[in-house]
Amino acid sequence: MKEQILERIFSDKAIAVIRLNDAAKAIQVVEAIASGGVTIVEITLTTPDALNIISELSTRANLLVGAGTVMSERDASESIERGARFIVTPILNLPLIDVAHRRGVPAMIGAMTPTEIYAAYKAGADVVKVFPAEVVGTAFFKAVKAPLPQIKMMPTGGVTLANAGEWLSAGACAVGIGGALLDSKAIAANDFARLSENAKTFRASILQHLNSQAL
């Protein structure tokens, strides 16, 4: 199962990071971005009622749902039991790799420096989440990937609707996007159509990159 999940992530190249204060809108938000083509979502455990949201969304055949801001082995286990198909940490939390792998799901471990990135890779992280990526930029990705091309790196933070292709060209295996996709004003106004349009714009940026690579 783990390899199939990773194959979808690496093919789709985008994970929407869902971090909301209003749990009641979470399902509508995910449905809106899914209609725009973003169907892999990370429900952060800082979102109220996150585990129940994961349980609900994990039954949708078109979605791949993971848990984010996973900080403990208990969080990881409970999330996977509720249907999370990958776990994501914001920090270098290496013990969670074994928790995820024992249950057959990928572990995306947070790191920032080259030493942390390599440590996560050596410990078995399937993907190293570089966070906060806006601090280091795409030039950092290119510089790290040069001596460490085997490491799957995914930026979160600093990814916008229009620049996904730049991160992918710099060596990212996929990108994580949050606030740029989930327009807080649109959510407050229940303007879910705006979120769908954002998702379409974001997907177009990725598609443009893929098409350029195919030439």
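Guide: Start with a definition. A residue is buried if its relative accessible area is under 20%, exposed if over 50%, and partly exposed in between (1.4 Å probe, protein chains only). Take Val65: at 2% relative accessibility, Val65 counts as buried.

Visitor: What kind of model is this, and how are residues numbered?

Guide: This is a predicted model, where local features need pLDDT of at least 70, side-chain atom pairs count only at pLDDT 80 or more, and totals for chains, interfaces and linings use all residues. Residues are numbered from 1 along each chain as its sequence is written, and side-chain values use heavy atoms, with hydrogens and water left out.

Visitor: Where is Val65 found?

Guide: First, the elements. Helices (H or I, at least four residues) and strands (E, at least two) are DSSP runs, numbered from the N terminus. Val65 sits in strand β3.

Visitor: Which residues is Val65 in contact with?

Guide: Contact means heavy atoms within 4.5 Å. Leaving aside neighbours within four places in sequence, Val65 is in contact with Val41, Ile43, Ile54, Leu57, Ser58, Gly83, Ala84, Arg85 and Phe86.

Visitor: Which way do the residues of β5 point?

Guide: In a regular strand the side chains alternate between the two faces of the sheet. In β5, Ala107, Ile109 and Ala111 point one way. Met108 and Gly110 point the other way.

Visitor: How many bridges join β4 to β5?

Guide: Two strands pair if DSSP finds at least two bridges between them. Strand β4 (residues 87-88) is joined to β5 by 2 bridges, and the two run parallel. Ile87 stands opposite Ala107 in β5.

Visitor: What do β4, helix α5 and β5 make?

Guide: Picture the strands pointing away from you. A crossover is right-handed if the path from the first strand over the helix to the second runs clockwise. Here β4, helix α5 (residues 95-102) and β5 make a right-handed β-α-β unit. From β5, the chain crosses through helix α6 (residues 114-122) to β6, and this β-α-β crossover is right-handed too.

Visitor: In what sense do β5 and β6 pair, and over how many bridges?

Guide: Strand β6 (residues 127-130) and β5 pair in the parallel sense, over 4 bridges. Gly110 stands opposite Lys129 in β6.

Visitor: Which side chain of opposite charge is nearest to Lys129?

Guide: Count charges like this: Lys and Arg are positive, Asp and Glu are negative, and His and the chain ends are not counted. A salt bridge is a side-chain nitrogen of Lys or Arg within 4 Å of a carboxyl oxygen of Asp or Glu. For Lys129, the nearest side chain of opposite charge is Glu42, 4.4 Å away. Lys129 is buried yet has no salt bridge. Among the residues that Lys129 touches are Glu42, Val88, Ile109, Gly110 and Met154.

Visitor: How many salt bridges does the structure hold?

Guide: The structure holds 8 salt bridges. Arg60 forms one with Glu31, their closest N and O atoms being 2.9 Å apart. Arg60 lies in the loop between α3 (50-57) and β3 (64-68) and Glu31 in helix α2 (residues 26-35), so the pair ties together parts that are 29 residues apart in sequence. Arg60 also forms a salt bridge with Glu56, again with closest N and O atoms 2.9 Å apart.

Visitor: Is Arg60 buried, exposed or partly exposed, and what of Glu31 and Glu56?

Guide: Arg60 is partly exposed, at 23% relative accessible area. Glu31 is partly exposed, at 40%. Glu56 is partly exposed, at 36%.

Visitor: Which residue forms a salt bridge with Arg103?

Guide: Glu81 does, with closest N and O atoms 3.4 Å apart. This pair links distant parts of the chain: Arg103 in the loop between α5 and β5, and Glu81 in helix α4 (residues 73-81), 22 residues apart. Arg103 counts as partly exposed at 36% relative accessibility, and Glu81 as exposed at 56%.

Visitor: Which residues are linked in a network of salt bridges?

Guide: Lys2, Glu3 and Asp126 are.

Visitor: Last one. Is Leu168 buried or exposed?

Guide: Leu168 is buried, because its relative accessible area is 7%. Leu168 belongs to helix α8 (residues 164-169). Leu168 touches Lys13, along with others including Ile206 and His209.
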